[in-house]
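We'll go stop by stop, picking something and then looking at what surrounds it.

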Amino acid sequence: MSQVEETLGGLRIIKAFLAEKKMSSRFNSITSSMRDKNTKVAVRQSLAHPVSEFMGSVMIAIVLWFGSTQILSDTCSIDAPAFMTYIAILYSVIQPIKDFARAAFGIPKGLASMDRIDAILKAGNPIVELEKPKPLESFESNIEFDCVSFSYDNGREVLHDISLTIPKGRTIAIVGASGAGKSTLVDLIPRFYDCCKGSIRIDGKDIRETSLKDLRSLMGNVNQDPILFNDTIFNNIAFGVKDATMESVVAAAKIANAHDFIIEKEEGYNTNIGDRGCKLSGGQRQRISIARAILKNPPILILDEATASLDTESERIVQEALDNLMHNRTTVAIAHRLSTIKGADEIIVMDEGRIVERGRHEQLIEFGGYYRKLHDMQAL
Ligand SMILES: Nc1ncnc2c1ncn2[C@@H]1O[C@H](COP(=O)(O)OP(=O)(O)OP(=O)(O)O)[C@@H](O)[C@H]1O
Ligand SMILES: [Mg+2]
C-alpha cells in the first residue's frame, strides 16, 4: 500500500525524471513477490482440506475393518453395540480435531498481524503531560529559553545552549543559513519536541509542567510547508476554530489577501482543494494557512517562512496584513528575505545551532558581521 501511495503521490516527479520504467519494475517486483506468497498460502490452504478429509476417511476405514474383525472373530473382545457407540463417538470428535488443526495455522497469522498493530497502538509518545499539569490560561509576560540544547533522536546536537527572552508584544525575527536550526527552535515552543537540556518557560512556568492543550491554544503556526487537508477552503481556514462563521472566515481570508483568488474559484469557499491542497498554487496554499492562523487569533504567533512562496507584490500585501496581526501580539518569525523582518524588535542570527548575533536591524548592520553580509548580498 505504501508503494502504491508513494508512486501515485510522486507521479509528477516520476514523469519529470523519466523514471516510469524504474517505478514499474519496482512495483512489479513487489506485487509479484506478494502474489507468490499469496499463492503459496492458497495452495496450502486448499490442500489442507482434501488431505484432512482423506486421512479422516482412511482412519474410519481402518477402525471399521479392525472393529469388524474383532466382532466377527471367535475371541471377541468387543460386542457390536459397544462398537457402534464407539464409532458414533469417534465421528463426533473428528470435526473438532480438524478445527484444532485449522486454528493452528490461523493463530500464527493472527499473531503476525497483532505484532504490527501492537507496534502502532503501543508506540510511545515521548511528550508526556504531568498527571496534574499547571493551567496556562493566558500569556502575560514572556517566553524564556534557558540554556536550551536539543538533538533529534539523541544524534548530533542541533541547538547548543540557546538563551533567549521573548517579551510579550514583541516581534523576534530569526535568520540564518539553511539547516542552522531555526525551525527546530520554534518547534520547541509548542512542545512538538522536548528540549534535551535546559528549559523553556512561559510566564515563568516550565512548559513541560503545563497542560499541552493550554499551551498550544496560545499559539498559531504558519509552517514552512503549508499543511492543508483534502477538504473545502472554508474548512481548511476554520480548522482550528470551533463554530466559525462564514463572515469570520471571509474576514480572515481578506486579511491574508486570499479572498480574491478564493471567490474566483467555481465554488468559492466551498471549493475542494485536493490532496494536501494540490489544486492551489504554492503562494495560495501559504495564504490559506496564514488565514487559518489569523482566524485562530492567538496571543503568540509562530511564522516559519510564512511569505516565502509569494511574489514580491503579494508578499508586501500579506506582510502588511501580518504586521497588523503582529501588532500587540508576540511573534516569532523566521525569514530568509530580510526586507520582511527589518522592523522586528530583535533579530537573532543563528549559525549551526548557536546564536551568533542579535540586536536591531541598524545595530546589526553597524556591527558588520554575518547579518551585514546577508543584507549586502540581498541588496543586489
Ligand atoms: N526530524 C528530524 N530528524 C533529524 N534531524 C532533523 C530533523 N529535522 C531537522 N533535522 C536536522 O536538524 C538541523 C536543523 O534543521 P532545521 O529544520 O531546524 O533548519 P532550518 O534552520 O529551519 O533550515 P531551513 O532554513 O532550511 O528551513 C538540520 O541539520 C537538519 O538536517
Ligand atoms: Mg526551516
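**Stop 1: a helix across the sheet**

Start by selecting helix α11 (residues 312-326), which lies across β3, β7 (300-304) and β8. Contact here means heavy atoms within 4.5 Å. Against β7, helix α11 runs at about 155°; axes are lines fitted to C-alpha atoms, for helices over the stretch in contact, and angles run from 0 to 180 degrees between N-to-C directions. Helices (H or I, at least four residues) and strands (E, at least two) are DSSP runs, numbered from the N terminus.

Before moving on, some housekeeping: this is a predicted model, where local features need pLDDT of at least 70 and side-chain atom pairs count only at pLDDT 80 or more, while totals for chains, interfaces and linings use all residues. Residues are numbered from 1 along each chain as its sequence is written, chains are lettered from A and ligands numbered from 1 in the order in which they are written, and side-chain values use heavy atoms, leaving out hydrogens and water.

**Stop 2: the sheet**

Now pick the strands. The open sheet has 6 of them, ordered β6-β7-β8-β3-β9-β10, with mixed pairing; two strands pair if DSSP finds at least two bridges between them. At the edges sit β6 (219-222) and β10 (354-359), each pairing on one side only. Neighbouring strands are turned by 15° against each other on average, direction ignored.

Zoom in on β3 (residues 171-176) and β8 (residues 330-334): these run parallel, joined by 4 bridges. Select Ile172 and you'll find Val332 of β8 opposite.

Next, go to β9 and β10, an antiparallel pair with 5 bridges. Met350 stands opposite Ile355 in β10. The two strands make a hairpin with 2 residues between them, and Glu352 in the turn has a positive phi of about 45°.

**Stop 3: the ligand**

What surrounds ligand 1? Select residues with a heavy atom within 4 Å of it and you get 13, the closest being Ser178, Lys182, Ser183, Thr184 and Gln224. Helix α5 (residues 182-187) supplies the largest share of this shell, 3 residues.

Now show the polar contacts (pairs of N or O atoms within 3.5 Å). Oxygen atoms of ligand 1 lie 2.8 Å from a backbone N or O atom of Gly179, 2.9 Å from a polar backbone atom of Gly181 and 2.7 Å from a polar side-chain atom of Ser183.

Terms used
A polar contact is a pair of N or O atoms within 3.5 Å; within protein, one must be able to donate a hydrogen and the other to accept it, and residues adjacent in sequence count only if both atoms are side-chain atoms.
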